[in-house]
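Dear colleague,

Please find the structure below, handed over for your use. My findings follow directly after it.

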Amino acid sequence: MSLICEVIDFYPKDINVHWLRDEDVINSGSSTQDLQLDSNGCFKLSSTLQLTPTAFDYNKTFSFRVGHQTLRKFITKNVYLKLPAKQPDVSEISTRLQVGKIISFEISILDFAPNDLKVVWYIGWKKLSEDSNPVKIQTGKNGLCNFTSKIDFTPKASDTGKTIRCEVTHPITNFCMEKSFEVKQKAKQKSVCMFQPDKL
């Protein structure tokens, strides 16, 4: 998409213009035409910002800010990107046995927007880890978010028959899903979808 803003009827010609994402200056993707002298003796210009919105732009504000010596404060024009939300696709739990009987559990959470996410791992009802809004979320070619959650766990004899559970919550879409894996002595790979509640 392209965002375009025009500035007209200013004098003298020295002027500062910037594109911002929220309050952060955007340093790439923008271009500003050379100043033109209008028939009224004042100057004008046009500036364009080209971008491909991703899930990270959900609910973000893009701004065009103008500074000039005749102004006491900046003039700022805003556009609010109301992008669609999408609930994630969640894989089954996969496992990998490491040296020392450590089991790595992994789950893939794909194609969601925005990037607000919460992932909690349990054994039985005991919480093993919790990750709210993980920092390692990435976007794919389609602009949607992807995240892989992993934990390492060393099962004890008393853990045999217990269930490793991973709860994935995407608050914006009221999505909650739980996947599970039964701990066995020989760590056979098996994953079961316990439930997927209706949207709240």
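Strand β1 gives the largest share of the lining of the second largest pocket, 6 residues. Strands here are DSSP runs of E of at least two residues, and helices are runs of H or I of at least four, numbered from the N terminus. A pocket is an open set of points on a 1 Å grid over the protein atoms alone, where a 1.4 Å probe fits, with protein on both sides within 12 Å along at least five of seven lines; lining residues have an atom within 4 Å of a point.

The model is predicted: local features need pLDDT of at least 70, side-chain atom pairs count only at pLDDT 80 or more, and totals for chains, interfaces and linings use all residues. Residues are numbered from 1 along each chain as its sequence is written, and side-chain values use heavy atoms, with hydrogens and water left out.

The lining of this second largest pocket comprises 14 residues, with Glu-6, Val-7, Ile-8, Val-66 and Ile-75 nearest the centre. Two or more lining residues come from each of β1 (2-10), β7 and β8.

Strands β7 and β8 also belong to an open sheet of 4 strands, ordered β3-β2-β7-β8 with antiparallel pairing. Because β3 (24-25) and β8 (75-80) stand at the edges with a single partner strand each, one side of each has no neighbour in the sheet. Strands count as paired if DSSP finds at least two bridges between them; β2 (residues 15-21) and β7 (residues 61-68) are joined by 7 bridges in the antiparallel sense. Asn-16 stands opposite Gly-67 in β7.

Over residues 1-76, the chain is 0% helix and 54% strand.

With kind regards
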